[in-house]
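Please read the sequence alongside the model shown below.

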Amino acid sequence: MTKSTQEGESLIKPHLDVDEIIQHFTLLLPEIEFLGSNNSHNHLGKALLLKFFQFLGRFPEGEKEFTPAIIEYVAQQLNLPPEVIKQYNFDGRTISFHRSQIRHLLGFQKATLADEDALRSWMVGEVIPHEYRGVYLEQLCYQRLRQVHIEAPTKGQMGRVIKSALHRYEQSFFADTTAYLSPSVKENLRQLIYKNQDLAADMDRQDSAGDDFGYYPIHDLKSGAGDAKISNIKKVAKRLELLQSIGLPNDLFTDIPLRFLRQYQQQVAVESISHLQRRDQSPQAYALLAIFCWVRQREITDQLVNLFIRILKDISLRAEHLVEREILRDFIGVHGKQQLLYRLAKAMWDHPDGIIREVLYPLVGPEKLQALVQEAKTKGTYQQSVQTRINASYTYHYRQMLPALLEVLTFCSNNERYKPLIEALALVADYLGDKSAFYPEDQSVPMDGVIAKQWQNWIYSNDKSGSQRIRRARYELCVLQSLRDKLRCKEIWVQGADQYRNPDEDVPPDFSAKRSQYYESLLLPLNASDFVKQVKGQVEQALQTLNDTLPTNKDVEILSKSDGWIRLSRMPKLQEPTNLRYLKNQIRQRWWMTSLLDIIKEVDFRVGFTDSFQSLTGQQRLAIPELQKRLLLCLFGLGTNTGLTSVSMGNHGVSYANLQYVRRRFVAKDALRQAISRVIDATLAIRQPQIWGETTTWCASDSKQFASWNQNLLTQWHKRYHKAGVMVYWHVAKQSLCIHSQLKAPSSSEVASMIEGVLRHCTTMQVDRNYVDTHGQSEVGFAFCHLLGFQLMPRFKNLHEQKLCLPEEGTALNYPHLEPVLSKPINWALIIRQYDEMVKYATALRLGTADAEAILKRFTRHNLQHPTYKALSELGRAIKTIFLCSYLTHEEVRREIQEGLNVVENWNSANSFIFYGKRGEVSTNDVDAQEVAILCMHLLQSCLVYVNTLMIQEMLAEPDTQQRMTEADWRGLTPLFYGHVNPYGMFDLNMETRIPLTGQSMTKA
């Protein structure tokens, strides 16, 4: 795509706030003296050049790189009108002279060809592959050049230097990878892209190269796992066995980040067999196939483990439902049982000293009492009944998954405590081929640390001779149940996996060497005692403030009922906006029935987000305008869920095959996230502060369920929504700016999703507080958020149940008004002992060495004995106490959270308008395709916010409309509305027409 000329696009952060403008563009006295005496426009231009160069290490390419706020601030310091900058020539002898003076002042020199080559070598040797994305490489290059006092080249030259460095690394990487592979491994890789008969006949290979039909092994490796069934476990296990048989060296890509390898894996995934065969036996072909197999082996290993965990969970749930139905049926079906129990209880109450034979037998009779006892003995406890049901399902059907699992998966543990479980798995594997129902009497069978105490007797059964022996099926079931629990908290890990890999790989390997640097990045003190002293002081101050203000706080009451009860009054209603309806009606009249397709086209003309979509294969033959048109149609079809077939029926001249080609080759998750980021940053840049206020640093997060096809591992039944589907977790900032979205399974941790979104959103916005509902918080979540430098601010549904922690033993008398809700003191000594470990995991979250879900799995109720988990819980209790005190003390805090969560709920309400096709159901079983559809919806909704922002600003530029606005109107103003938008109808795309908005000069070059 051609580059957009959006105002301020070239700045690293286009929407600098007031504080940042003051920080970077304030002229010091020596700098003012350096400017000398010039004409007013040259004086201002030279000052802007100087501060821009100090800020970014390069000179601006034109006035467009300065926002009006920057020009106005610098001009104000020089007592000049900002309009004079229009007279400054950004391309002539004067600016060349000014640049030379600035270089001399700051000790910089112009970049030479040798400097550019040195920069390439630096990227290849020290930066790539740990960072390979162009935007971030550009920033790193600017930092590098600034360190060595070399003026950065123009953006175009810098782009070419980065591309050549990436190409140089790639060619070297392909050659080194191929050289490391043995001939047998290379031949195994080639077999993936040829039919067996093709491999047997060398002469026929060329003829078959163009044939993409029929079965090729690589086709099966590209397939998804399906839902939790035995047949799918066997299928996935065979794929994993095939990948293992290729024989890739274990250390082939040890030091290469997985995210770097994924880009090449995606390339192989979208390329046809004929294209792969065309590169046969070249270093590129071998390297690409090796990367594909390496990445897929880890993904398929994770899929197999997830299938196993999901199947055991499903068996357990079905057993519980069956037993509950049986209990209900027995309770209803046994005639007179309820009346019988009532008569027995009344007789015992009336005759507490009576004799059973004289009091109870006449009422019931010994025969009926004996029958009740026998029934209870037969059925056992509820847990025993459930376990028996699970065992029946496992023995007669699900037991056949055991060989598939144990033959291809290798389980390990770093904790000596779980070595017996590893030994138990080895024992189960040894007897896979044995037909006997029992283990031999002389066989040593691990029990402690493997089988829960309550089931150690249950696994025994009588053999034909009447001897008590361990029944293999029951023992296997208990071992698998223990394995599932330990896999979920990563005490047991799997060789060759990614999600279930060695947990030691989740933390930075150089943490000890760079400890001071990592602590500084998190703004945490190196000394644990200093950290505890700081938090402890905050706890004491928060408790004291709440205690002192509680008698005069009419909204909060601490009651002694139910072991302590917090009662909070509802906040008074604010004045409702009265003129927003008028404003929206005016917009509806002026831009009536604006097509949603035209909206995303207009945003692309202004922002150029389609530039983010590059061919996954590295080859692009389509003309730029035609590719842009197809991309817009494709994104519209996916984002509205109408599908490419429906969109292809318009009169735009693009066929379904053309749209499908663009979908496969260009529309990827990373590209969509980059496009969304560009739209969000552009929206922040065009906002007028007098209308929307200054840029905020908060976001609110919440999840929403979408119905979806269920033949995949992501779709699950959700007990809160009472239906099956997938969850989308949104992070939405003020004025409906959605900065991040995640597609998750309903059973996944919302706390992990919250942390992941704050840390990984692709925009330039800095988040310092996050609002969530009850499900988005936990004590461990409070601890990690504090360590990572932002506040977790939940709205508690169960506020009445919350407790406040004491800072020290014996300090309860200091807070007499809080006494009913005070709980045990915080264990500061444990926090001090585990401080370094907590910071290590927080650093892992910040750096992204592992995702939040993987790290938080270690700190759940399945791993209560983990010392770091206990320390995180204690720290979380302290931070939670500080927050609760602030929440109860200040109404403005409660209102801030409420308004923030209203923003994300408003965003959720618009999802059904955008994603209207197929009744809003995600109609695919491909998990990647599901995420692409949600990201496309995110992009479309963000485009709607962008255009509505412009429309509102254009309407409020009219004095009559602006004068009608009240304080309540300004407070309730949002750019997320759609009464004037038509998402339906014919899918026409006329590239020659525009939406009638001011600023039409901002066209795409």
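Predicted model: local features only at pLDDT ≥ 70, side-chain atom pairs only at ≥ 80, totals over all residues.

**From the chain to its side chains**

A polar contact of 2.8 Å links the side chain of Lys-490 to that of Asp-506.

The chain folds into 42 helices and 16 strands. Its C-alpha trace extends over about 115 × 90 × 60 Å along the principal axes. How does the radius of gyration compare with that of a compact globule? For 1005 residues such a globule would have a radius of gyration near 30 Å, and the chain has 33 Å, which agrees. Of these 1005 residues, 53% count as buried. Of the contacts between residues at least 6 apart in sequence, 75% join residues at least 24 apart.

In one, strand S10 (residues 723-733) runs antiparallel to S11, and 7 bridges join them. Tyr-729 stands opposite Gln-742, a residue of S11. Between the two strands lie 3 residues, and Gln-735 in this hairpin takes a positive phi near 60°. Strand S11 (residues 737-744) is mostly covered, with 8 of its 8 residues buried.

Glu-557 has Arg-567 in S6 as its bridge partner. Here 5 residues separate the strands, and Ser-562 in the turn has a positive phi of about 50°.

Strand S12 (residues 769-773) and S13 run parallel, with 5 bridges between them. The chain passes from S12 through helix H35 (residues 779-788) to S13, a β-α-β crossover that is right-handed. Asp-773 is paired with Arg-795, its bridge partner in S13. Strand S13 (residues 791-795) is mostly covered, as 4 of its 5 residues are buried.

Is H32 enclosed or open? Because 13 of its 18 residues are buried, H32 is largely enclosed by the rest of the structure.

Helix H24 contains Glu-476. With a relative accessibility of 2%, Glu-476 counts as buried, because buried means under 20%. Its side chain makes a polar contact of 2.8 Å with the side chain of Tyr-394. Setting aside residues up to four places away in sequence, Glu-476 touches Tyr-394, Arg-399, Leu-402, Val-428 and Tyr-439.

Where does Lys-490 lie? Lys-490 is in the loop between helix H24 (472-488) and strand S4 (493-494). Lys-490 has a relative accessible area of 2% and is therefore buried. The polar contact with Asp-506 is one made by its side chain, at 2.8 Å. Beyond its neighbours within four places in sequence, Lys-490 is in contact with Gln-499, Arg-501, Pro-503, Asp-506, Ala-854, Lys-857 and Arg-858.

Thr-843 lies in helix H36 (residues 828-847). Its relative accessibility is 0%, so Thr-843 counts as buried. Leaving out neighbours within four places in sequence, Thr-843 is in contact with Pro-508, Phe-511, Tyr-518 and Leu-522. Thr-843 and Thr-881 are 38 residues apart in sequence, and their C-alpha atoms are 24 Å apart in space.

Gln-191 is in helix H9 (residues 183-191). With a relative accessible area of 34%, Gln-191 is partly exposed. The C-alpha atoms of Gln-191 and Pro-217 are separated by 7.5 Å, although these residues are 26 places apart along the chain.

Definitions and conventions
Residues numbered from 1 in each chain as written. Heavy atoms only, no water. Buried < 20%, exposed > 50% of the residue type's maximum accessible area, 1.4 Å probe, protein only. Polar contact = N/O pair within 3.5 Å; in protein donor to acceptor, adjacent residues only side chain to side chain. Contact = heavy atoms within 4.5 Å. Pairing = 2+ DSSP bridges. Right-handed = clockwise from strand over helix to strand, strands pointing away. Rg over C-alpha atoms; globule rule 2.2 N^0.38 Å.
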